[in-house]
Each structure stands twice: as structure tokens, then as C-alpha cells.
Amino acid sequence: MEEEPVAPDTATRRSKRTRAEVRQADFTRTDRIEDELEDEREESSDEFQQPRPKPKRNRPNEGASTSAAASRKADLSLTDVIKGDGKEIPEVVKRWVEHYERNQKSAMAELLTMLFEACGAKHSILEENIEETDVDDVVVALVNMAKRGEVEDYQSSKRGFKNFKENLVYFWDNLVSECQNGPLFDQSLFDRCLDYIIALSCTPPRSYRQIASLMGLQLVTSFINVAKILGPQRETTQRQLDAEKKKNIEGPRVESLTKRLSMTHEKITMLEEMMRKIFTGLFVHRYRDIDPDIRMSCIESLGVWVLSYPSLFLQDLYLKYLGWTLNDKSSGVRKISVLALQNLYEVDANVPSLNLFTQRFYRRMLELADDIDISVSVCAIGLVKQLLRHELVPDEELGSFYDLLIDDPPEVRRAIGALVHDHLIAQKFNNSQSHSTGSDSDSPEVHINRMLKILKEFSADPILSSYVIDDIWDYMGAMKDWKCIIRMLLADNPSAELDDVDATNLIRLFFSSVRKAVGERIVPTTDNRNPHHTKAQKEMFENSKRDITVAMMKTYPQLLRKFMPDKDKIAPLVGIIPHMNLELYSLKRQEQNFRAVLKLIREAFFKHGEKDNLRACVKAIKFCSSESQGELQDFAQNQIKDLEDDLVAKLKSAMKDVMNGGDEYSLLVNLKRLHELQLMHKVPLDSLYQDLVHILKSFRNIDDEVVSFLFLNMFVHVSWCLHSILSSETVSETSLSSLIGKRDALLEELDYFLSNSFQLHSDSRSKTQLAYWVCGILADTWCLFKRAKFSMTKLEILGYTPDVTVIEKYWRMCEQLLDVSDDAEDEEDEENREYTEETNADTVMFALAKLVATDTVAKEHLAPEVISHLGKYGASVTEIVKHLITVLKKKGDISNILLEALKKAYQRYLAAISSGDDETSSKQFQECKSLAARLSGPYVGAARNKYKAEILNIVREGINFAFSEAPKQLSFLDGAMLPFVSKLPPSDILDIMKGVERRTENVKTDEDPSGWRAYHTFLDILREKYLKNEAAKVADGNEGTTVRRRGRPRKQQTLQGKRLFDDQISSEDEDPISGSDQDVGAEDKEEDDELLIHSLRASSKLRSLRVSKSQTRTVDSNLAAEDLATPKTSGASS
């Protein structure tokens, strides 16, 4: 049976439009819906024999109200609809299309009016002038409206502007969709709209460019949607036509299909031509617009076009713009470009067409992984993953890329971790290898071995290894396979056994992974607050503890025995115990293994002497004694007692050896063990304390490191004794006298160290480390026994205040420590490096700041010395001093302290001059000026008025100090007082100038010009500042004068109507036009006259100060050159 000809879709849709034309103008959408529902009920009446519900009595009233509402909606303009909530846009678009089919000119005028109003301009075109109106003339008129300020600003409300843009885009998308079977291809409607949109997108007003670009870009997207509908239709018609032609039968069917194919192809061609027109007329100019939002919308739209319509846009002609904007100065544009490319590479079919583009731009894609903007970096790393998936990046290009694993932003590190896991560990991108090895490549052992190869690059630094583990942990399930890790560590097969480096890295990985599994952080963060965990997370952490404990119960003793001799492995291995659930040892009947673990930990404690190992062992034993249950807890507590007894016995034996002239190493190691144990637990040392004091008194030449740990253990023991007294309800006289005796013995030995002064050099690291410890111990001891803390209490006898002579000696030692070269810390040996955090410049400054802030020492003794070193010893020390100043300000007036600090810094400069060292003296003077600038910096804004009395006190007393030994100390005015004087109002500056001049009324300054040069310089700068303030005050107080416009000068408007469509228009030359342009030449002349008036008035003020003529000329010349910058003004002043 012969098939009937298929009617084209256009004929069907056009018939609907014809039917719409005969309807009355007031036929609303509500009436159409009711008729359609009525027709559906009639058609389904045979199938559903249900009684029709009776109409309600108020139905006529409802119909009337609905009709009235519909008529009100019909009266709304297109702009009003777009400014609304957007729900009525589809209905309004349908009505407008029907209007266009009845009267094209009227509908076109309405649409163009909406287009102009959307840009903010109230402009309309008469219906009868549609054909004759020139696009250039209309756009010039719109630009002139913007110049006069007659443009509505839709961006005053960001939320409203966002809704407006969304509705505007929605309107044009509905319009294209509604017109796809008619007006879209009449070569009149959209061609005229495109002319206006492209012209407006090239105008200087930014609001015009924004809205026009928005509409133009959306039109391309909507055209693509229509083309994607027509494309399959064309292919279907082509297949049908080929099938008919194979039948060799000519007839109406072939003719109809041929006609349909031609029409569909013609429509697609027209759509693509309109797309190209917008691209060349709008996109090519706006993708480099000065407004980053316009650039972002252009690149975002281009990414959508290439992805949704690759037949036209997936070619280098268009892709190059995505590559170029990878270098955009706006991070938002770079991010949009990266995301667009990422979406393109996700589609495998696009990759062959992207080969040439990839070769040109892949290096820039790699560079963006280290972008200054974190969000761009994360997106770029995702893009690189796509490149690796398609094997478009050679591996040698990724060398520096993996350095980001230890980068600072955690978001970047996590993104790199995901890439490293997929590329190097799971090897998802290496298809050949994964297929060749089969399922073994996905085993946990294989993944862990690959991870160990990565960690081997960072094996020298455990902290860097922790960063790498933290980055990859979330993506690598093998890290949570506890049994697999233990099995690899205990492997006895030589072929499967790990080498020493891999075993160390695997234990570190095991320890870090355990900590991550129970919710701990393994890398330092800027946020020191404890993380908040939800109930579900806490349950997950408890389950992880249970799994870890079950996996470790039987194998833990084996691991400890195997790696006991290795000092690098024992600390992380023992550190796992505090993250286990010890109750399971009792529930699982594994008491024997628990006892074995504790004995092995005790053995490790006495086998190793490094800080990390000792601290891990003490923490583990302490945890077992508090968290285990029943008999196991008793056993753990007995182990602690036995450990204390053994340690005290070893210490006594070591001290006896030293007294007999033996080696000091055993004493040093056991003192370290005692110190770490005392930090976690109170050790009874009453019988041993006097022996420690005896060693210090009797052996003055003992090794400095031994002395350090003798002091540390004595101080920690005294602290525990004080804690016991403060926490007990009743205190005996014996305990008080014992504590005072121990404290005094400690302070006596520390004072001996201070009294025997010595020079600290970078080559005497042990002596310097001892000084660091003494500095911290003394500060902590003084703070613990501060007299104010115990005054008016029963424990008043415990109060202590150091003598002024002791404080002076203490400061001299601290100053020497602060002056020690930083190279000494870099050259320290490995043995001392473990205590570098407790022995550096930060600890010294922190100790000093604590003494001052807690009022342990009088502020006048140390505060000026400490503050005088602000900014001298690095950023961290500077921050400590800044915090100290903040604390002192909250307590009251600190002007005297700040002035004394400036004097201290200046006296260092005078000392350098006396020594004849010009280089040092110049450096010291610059440090004094820098200190003054830093200390005066906070006095800005409202703080000037709030602390005006303090500033005046600093300036007046500073001037007194400078003239106390004039002219020797006059440079103090220039070096320290100027930053503070500039914070004062003009009236105070004038008083200070007059006061300084009175000091020299009877002094012949000409006899020593070089000595008094600082005095003259100080006065000249004060006059200059005063004149500036007076000139500004006169300018603000003048009424009737022309107000100078601030900001950059206006650009002359040279827009010509016939040049709107020239391709040479540059976005760099485009800027929003304000509505108050004046003649540029007249404005400049007016400003020159105004400046001249101000200069003359300032000169009259200057003459009133009775300054010499030569000084007047100097000041006026400087003022003219620096402020007014016009030769006319300087001439008037002279």
C-alpha cells in the first residue's frame, strides 16, 4: 500500500496561527483553557460515563473577575511583564506573536520599545516610521540620553537586577521558540532586532553593553535549540528521501520530501547565519570588554554553544577565544573558561577536534593549577584530570605539578590528591596497563606500593609526608585497609618484604591514616579551634576505633618486637594506642596481648632517648592506665609505678657515675626521659631534687645540655608541687617550706647563670640553647609565684618579685638571644633540632611579653625595651610585640612607654655613631624611623581624637628630649617625632611650630649648620603639613566656588552615528557616560584659578608666621611642586 505524503510541520503550525487570527482581541488565555478542557470532556464522554458536576452559583462572578484580571494583564507592556515575576512571559509572548502576525509594524515597535527600555532608556519608535528609521540614528539618540543621565539604573538592587536578567533571557528564549515555525525565518523581525542589539553592545554606556550582550548571547543559545530540533528532522527527511529514491518512483511523495528537506536546510542555514552575525558583531568585541561580568557571560555562553552545537562551533576559529581568556586578568573569567573547557573534554567525541587546541594551550592549563585564585586552581586541576584521561599531556610536564601536594590552600591540595590518586595510584587513565595486569592492579597491596613510591620522594621530612597522606586519604580506600597494612609490615617473604625506607613510610602512613579515621587533623591549620562533629560522624569514628583495635589486637606485639630497634618507626607505631578502644581487649579475651604491649612500650621507653619516642611512650602508657578496664587498668598503673622507680634508680646511678668522673651521656638521656614523664605525670622526686641541685652546684663545667634538662626537671617538679598545694584543701607548713626551698634553690642556680655573663655566638649552639631554656624557665617561675597572685591570702609567703638588677641581667641575656644570627638555627645539629620549637626567638619574646602583660614585672622595666624591637626580628616576633601593645593599651595610657621605646631605639643609633660605624648608624636610624611609623600607625581615623592627649604627650616630651642635648639629639625630631606630629590637627601643629621656634630665639644656629639641620628640616616639614591642611580647609569652606570633580578626568565624547558598526571600536575606549559633562577646557581653567586662589591664601597664612624670606620661598616651592604642580602657583607665591 502506497504511503500517503507526510505534511510538513510548518503547514500544521501555520494553520494554528491562521486560526488564531480570526479570534477576537479580547479572547484571553483563560477562555482558551476552558474551551480546551470542554473539548476534552466531550471527547472522553463516551469512555467515562460520569455525571458532569453542577456549576457553582458564583461561577459568573468568577468568570467576570478572571476576565477583568486578564484584561489588566493584556494592558501591561512587555517591559512591565519582564520586570514582574516572569510567570506570565510565555502567555505574553504568544499574544505578541499573534499581534505580530496581524500587524507586523505595530508589534515590531512594541518589541523595540521593550528592547530600549530593558537597557534603561525611555525611547520608542513610531509604528509608521519602522521601515524608514535608521539604526545608527536611534543608537546615537540613546547614547545622548545616557550622556544626559536619562537612563534608568537597574543595578541599584542586585537581587532585582538578577531577576530582571533572568526574566529578560526567558522572554527572548520563549520568543524564539514561539517563532520557530513562522516569524523566525521571515528575514525581518530578528534581523532588525539583531541590528539594534549589536549596535547597542558596541556603545560606551556600560548598562547598554551589559543588557545588549545578555540578549545577543541568549539569542544564539535559543537559535541553537531550534537548530537542534531541525537537525534531526533534516536527517530523518534525508533518510526518507533516499529510501523513496531507491524505489525509482517519481511522485508527490518524493517531491514533498525534497521540498521539506530544502526548507529545513534553508532554516538551519539562516539560523547559523544569524549565529555568525551575533558572534562577529557582538562576541568578538565583548569578550574583551572592560567589564569582567560581560567577559564572563561571553565565555560562559561560548562554552555552552560549543558543547551543545559542535557542528558549527567546535573548531579552532571559535575555540581560540576559550584559550585566550585563560590569561584574563579577572579570576572569574579564567574560571569560566576553565569550566567550559572541562565540559568539552568530558565528551569523548569532542577530543579529536580539540587536538590542535590542546597542543597550543595545554601548558597554560597546567600553569593555572597554581593560579593565585584558589577556585581557579581547583577547576584547573579538574581540567588537567580530563587531559590525563585522554592522554593529552606528557608525563614529563607534570613534574612541578605534583609540588602542589604540599601547597598551602587545602582545597588545592585535595584537588591534586584526587588527581594523583586517579593517575598514579588507581591509574584510571592508563588503560593499557590496567588491561594488561588484570584485576591485580586494583588490589590494596598494589595501591599501597604505588603510594609508597610517592612517599619516598618526601621521606626526609615526615611533615611533608603527612601533607601528601592527608591529600590522598579521602580517595584511597587502601589506606583504611588495616589488615592489609599490617600484613605488609609483618611480611617475612624476602620478595614481599619492604626495604627500610618503605617500612618507615608505611608505618607513618598507618599512623596518619589511623588519626584521620578517628577524626584528628594530621596537618597544621590556621583554625586552631576543635572541629565540630555531628552525631553520625562520632559514630563513624567509634566504629573506626573498633575496627583498628580488632585488627591490631593479636599483631600489635609482633609489630613492636619487629621494629623495636628502629628509632624512626617506634614513635608512630606506639602512637596508635591512644586511638584504640581498649575495652575490646577485655571483651575479646586478649588480656595477654595487652600486657605484652605495655611491657614492650616500657622497654621502648628505656631503649630510646629521642623526644618523639619518649613522648609517644609516655602518652601511650598514660592512656592505658586511664582508659583500660578492671585488672588491665591496675596492671597499667603498676607499670607506671615500676617505670618511675626504674627511672629514678637509673638517674641516681648516672649521677653517681658523673660524680666519679664518668660519662654524662647516661645522665642526659635519663634526664630527658624524666622530663617527658613529668610533663604528663607527677613523679615523686623529693629524694632526688637535692641531688639535682648538688650536681649543678658541684659541677659547673658540666655539659650545657645536661644543665638545661636539670633546670627543666627542677622547674616542672616545682610546678607540680605548687599545683598540689593550690588544689589541696589543707596545706601544711612542711609542704610550704619545702616548696619555697625548692623554688629558691632553682632561682639561685638560674641567677648564677645570669650573673656569669657571656657572649652568645652562632658557633656555640649548646650555650645558646641553654640560654633559651633559662629565659623561658625564669619567666614561667616569676609568673607562677607572682606576688600579686598570693597577696592577701594564706599563701602570701609564696609570693616572689625579682630585683631590678636581676631583671636588667635577664633583659641583657634576652637581647643577646634576639641578636643571635638566624644562621645558627639553620646550622644546628640533628640532636638539638628536636627542641627547636622551644628554643627560638619567638619563645624569648613571648616570655618577655608575658612578664609585662601579666604585671609580673613593672611595665617601666621591660615594656620600652621590648617595644623598641618592634619589626626588628621577623614577622612572628613582630606579631607578639603588636599583641603586647594592644594589651597594654586596654590597661591605660601608654604614651610614656612608647616614648621610652623610641628613646631606646634612638640611643642605639647614638651608640653606633659614637663607635664610628657609619653603616650601622644608618641602619639604626632607619630602624628608629620605622619604629616611629609603626607605633604611630594605629592613630588613624577616630583614634586621632580619642588618643589626642597621648599623641601630644609623646610629641612634647619627645621635643624636650631632643633639646635636652641640642644639637646632638635634634635628629630625634626627624627620626621619631614627625609620624606623631602628622596625626595632630593644624591648630596643634601650629602651636608645636611656635614652641619649637621659641626654643631657638636666643640661639645662633648658623654657627653649627650641620648640627641644626635636623631642626630646620623638622620645621619645614611641619609648615608644609600645616599649609596643606589650611589649603584644604579653605577649599572646603568656600561657598559659591566651583567644586572640583574627583577621580579621573572625563573623556571627550567623539561618538559618530555612522561609525557604530565599525570593527575598530575597542572595549578599552568604552566607559559609561555620566549625565553631567562639562567643557573640559573650561573645567581645567576653572580648577587652575581655584588652585591659584588657595595658594595665595596659604601664602598669606605663611607670612603671618613671621618666617624668614628664604624659608618662605623654600616652603612655597615645595608646596607648589608637590601639591599644586603648576608653575603659575609657584610664581605667585614668590
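This is a predicted model: local features need pLDDT of at least 70, side-chain atom pairs count only at pLDDT 80 or more; totals for chains, interfaces and linings use all residues.
Visitor: What makes up the chain, helices or strands?
Guide: The chain has 52 helices and zero strands. Of its 1134 residues, 47% count as buried.

Visitor: How many salt bridges does the structure hold?
Guide: It holds 45 salt bridges.

Visitor: Why is the pair Glu 91 and Arg 95 called a salt bridge?
Guide: The closest N and O atoms of Glu 91 and Arg 95 are 3.0 Å apart. The cut-off is within 4 Å, so the pair counts.

Visitor: Where do Glu 91 and Arg 95 lie?
Guide: Both sit in helix 5, residues 89-102. They are four residues apart, about one turn of the helix.

Visitor: Why is Glu 91 called buried?
Guide: Its relative accessibility is 14%. Buried means under 20%, so Glu 91 qualifies.

Visitor: And what makes Arg 95 partly exposed?
Guide: Arg 95 has 23% relative accessibility.

Visitor: Are Glu 705 and Lys 672 buried or exposed, and how do you know?
Guide: Glu 705 has a relative accessible area of 9%. Lys 672 has 5%. Both values are under 20%, so Glu 705 and Lys 672 are buried.

Visitor: What makes Glu 997 and Arg 1023 a salt bridge?
Guide: Their side chains meet at 2.8 Å, N to O. That is within 4 Å, so the term applies. Glu 997 lies in helix 48 (residues 986-998) and Arg 1023 in helix 49 (residues 1013-1037), so the pair ties together parts that are 26 residues apart in sequence.

Visitor: What lines the largest pocket?
Guide: The lining has 47 residues. Pro 462, Ile 463, Ala 571, Lys 611 and Asp 612 lie nearest the centre. Helix 29 gives the most, with seven residues. By class, the lining has 16 nonpolar, nine polar and 22 charged residues. The volume of this pocket is about 2,100 Å³.

Visitor: How many cavities of 30 Å³ or more are there?
Guide: A search of the whole structure finds three. The largest cavity has a volume of about 60 Å³.

Visitor: What makes a space a cavity rather than a pocket?
Guide: In a cavity, a 1.4 Å probe fits but cannot get out, while a pocket is open.

Visitor: Which residues line the largest cavity?
Guide: They are Val 618, Ile 621, Lys 622, Ile 640, Leu 643, Leu 677 and His 681. Helix 29 gives the largest share, three residues. The lining divides into five nonpolar, one polar and one charged.

Visitor: Why is Glu 391 called exposed?
Guide: Glu 391 has 56% relative accessibility. Glu 391 lies in the loop between helix 17 (374-389) and helix 18 (410-425). Its phi is near 55°, a positive value in a residue other than glycine.

Visitor: What makes Met 792 exposed?
Guide: Its relative accessibility is 77%, over the 50% cut-off, so Met 792 counts as exposed. Met 792 has a positive phi of about 65°, although it is not a glycine. Its place is the loop between helix 36 (787-790) and helix 37 (804-819).

Visitor: What kind of peptide bond joins Ala 966 and Pro 967?
Guide: The bond is cis, with omega about 0°. Pro 967 is in the loop between helix 46 (948-964) and helix 47 (971-981).

Conventions:
Residues are numbered from 1 along each chain as its sequence is written. Side-chain values use heavy atoms; hydrogens and water are left out. Helices (H or I, at least four residues) and strands (E, at least two) are DSSP runs, numbered from the N terminus. Buried means under 20% relative accessible area, exposed over 50%, partly exposed in between (1.4 Å probe, protein chains only). On a 1 Å grid over the protein atoms alone, a cavity is a set of points where a 1.4 Å probe fits but cannot get out, and a pocket is an open set with protein on both sides within 12 Å along at least five of seven lines; lining residues have an atom within 4 Å of a point. Grid points are joined across faces, edges and corners, and a volume is the space filled by probe spheres set on the points. Ala, Val, Leu, Ile, Met, Phe, Trp, Tyr, Cys and Pro count as nonpolar, Asp, Glu, Lys and Arg as charged, and the others, Gly among them, as polar.
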